[in-house]
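Below is a short note to be read alongside the model.

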Amino acid sequence: MNDELFMKRCLELAEMGNGSVSPNPMVGCVIVSEGKIIGEGYHQQYGKAHAEVNAVNVVLAAYGDSAAEMLRKSTVYVSLEPCAHFGKTPPCADLLIRHQVRKVVIGNRDPFPDVNGKGIEKLEAAGTEVVHGIMDHECRHLNRRFFTRIAEHRPYIILKWARTANGYFAPKNTTQQWISGPLAKKLVHKWRTEEDAVLVGRQTAFADNPRLSVREWTGKDPMRIVLDRKLQLPESINLYDAGAKTVILNELKTDVINNLHFISMEDMQYYLPQKIAYQLYLMDVQSIIIEGGANILNQFISAGLWDEARVFNSKNNWDTGIYSPQINGKITSVTEVDQDHLTIYENIRN
């Protein structure tokens with residue numbers, strides 16, 4: 001029970017890095033000596049110190065001359081296997097060995113080829129007791145974006161839309177018409193801070209003229225991606241402002257103009273979801289929200305190329321419109337968001 005209690009704390013800490021560490025995983029670390037937490041840390045920013053380093057530094061700063069002895073008696077809890085290779089930072093397994101910690105309790109093995117099992121092997125070879133697989137499912141869920149990118153060579157894909165009570169997704173004309181309420185909009189802005197990128201198709205970019213920013217939440221704006229096969233969108237659209245990096249996937253040119261990155265792709269009418277997913281993988285995009293329109297959402301659904309769908313269901317009815325995408329998946333939650341209901345689906349693959 002103590003192992004699970006301290007691992008839960010690791011997960012709470014790790015979550016604090018959400019939106020700041022991609023394409024690295026979120027990791028939390030708790031150091032316990034004689035049943036008492038003496039140090040905590042988490043991976044705060046990509047390229048900066050890992051969770052274990054931050055936790056050890058807390059112990060060194062707090063306990064001075066006693067820190068070395070306390071670390072030798074300690075159990076270190078970490079939600080993901082300590083790294084064993086030199087990347088942007090030195091190996092965390094070496095750090096724990098240097099401080100001669102007594103025991104290391106790990107949530108997940110790290111699937112990254114340069115680490116997978118090697119951190120555990122290093123620790124055990126140095127005489128450190130190692131236990132792994134504690135709360136494995138919960139730790140894996142926290143880093144589902146990272147695990148998807150490593151295992152499937154694509155980003156974690158989230159589909160998002162709203163539909164009326166009678167199943168409509170958007171008006172038939174090109175006017176913008178909101179379906180969900182203000183609180184749902186604020187929640188979407190929060191979601192955007194947690195993912196690397198957000199994508200819309202040309203028609204959505206033209207009709208809604210979105211900024212795809214996080215104006216109603218605190219955090220970083222995601223990379224904006226728009227599909228514009230023949231480069232038909234006017235330069236006056238909000239997505240072409242200087243607010244964030246914008247990637248325009250098209251068939252005509254590859255160029256960089258300030259924050260606008262034009263990337264040419266061949267034959268976008270064929271296997272478009274697969275091509276988008278692989279292109280984003282090459283760009284180190286670990287997660288993306290696809291926000292519309294109906295055509296591109298349906299293409300990803302038909303290809304089975306999605307991990308999670310977040311659908312707002314309104315109580316309002318429309319007389320006419322474009323029908324909402326239909327999706328089959330495991331419903332993991334249904335939540336009231338003011339006047340709307342939010343249903344979360346998970347894609348269950350055989």
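1. Nine residues of domain 1 touch 14 residues of domain 2, where contact means heavy atoms within 4.5 Å. The domain assignment places domain 1 at 3-148 and domain 2 at 154-347; such bounds come from an automatic or database domain assignment. Between the centres of the two domains, taken over C-alpha atoms, the distance is 35 Å.

2. On the source: this is a predicted model, in which local features need pLDDT of at least 70 and side-chain atom pairs count only at pLDDT 80 or more, while totals for chains, interfaces and linings use all residues. Residues are numbered from 1 along each chain as its sequence is written, and side-chain values use heavy atoms, with hydrogens and water left out.

3. Domain 1 and domain 2 bury about 940 Å² between them, and carbon and sulfur atoms give 43% of this. Buried area here is the accessible area (1.4 Å probe) that two parts lose on being put together, summed over both. On the domain 1 side, Gly19, Arg145 and Thr148 supply 54% of the area buried against domain 2, more than any other three residues.

4. How many salt bridges does the rule find across the interface of domain 1 and domain 2? It finds two, a salt bridge being a side-chain nitrogen of Lys or Arg within 4 Å of a carboxyl oxygen of Asp or Glu. Separately, the side chains of Arg145 and Glu195 form a salt bridge at 2.7 Å, N to O.

5. The unreviewed UniProt entry carries a "binding site" annotation on Ala162, Trp178, Thr204 and Asp208. These four span 47 residues in sequence, yet no two of their C-alpha atoms are more than 13.9 Å apart, so they gather at one spot. UniProt positions are given in the numbering used here, feature names are shortened, and annotations may be inferred rather than shown by experiment.

6. Ala162 belongs to strand E6 (residues 156-163), and Asp208 to helix H9 (residues 202-208). Helices (H or I, at least four residues) and strands (E, at least two) are DSSP runs numbered from the N terminus. Ala162 is buried at 15% relative accessibility, whereas Asp208, at 30%, is partly exposed. The classes are buried under 20% relative accessible area, exposed over 50% and partly exposed in between (1.4 Å probe, protein chains only). Beyond four places in sequence, the contacts of Ala162 are Tyr168, Phe169, Ile179, Ser180 and Phe312.

7. Asn143 sits in the loop between helix H6 (136-142) and helix H7 (144-152). Its relative accessible area is 3%, so Asn143 counts as buried. Apart from neighbours within four places in sequence, Asn143 is in contact with Pro25 and Met26.

8. Cys92 is in helix H4 (residues 92-98) and is buried at 1% relative accessibility. Neighbours within four places aside, Cys92 contacts His50, Glu52, Val53, Pro82 and Cys83. Pro82 is 10 residues from Cys92 along the chain, with 5.3 Å between their C-alpha atoms.

9. Helix H11 (residues 294-302) has Ala294, Ile296, Leu297, Phe300 and Ile301 buried. After H11 comes Gly304, with a positive phi near 70°.
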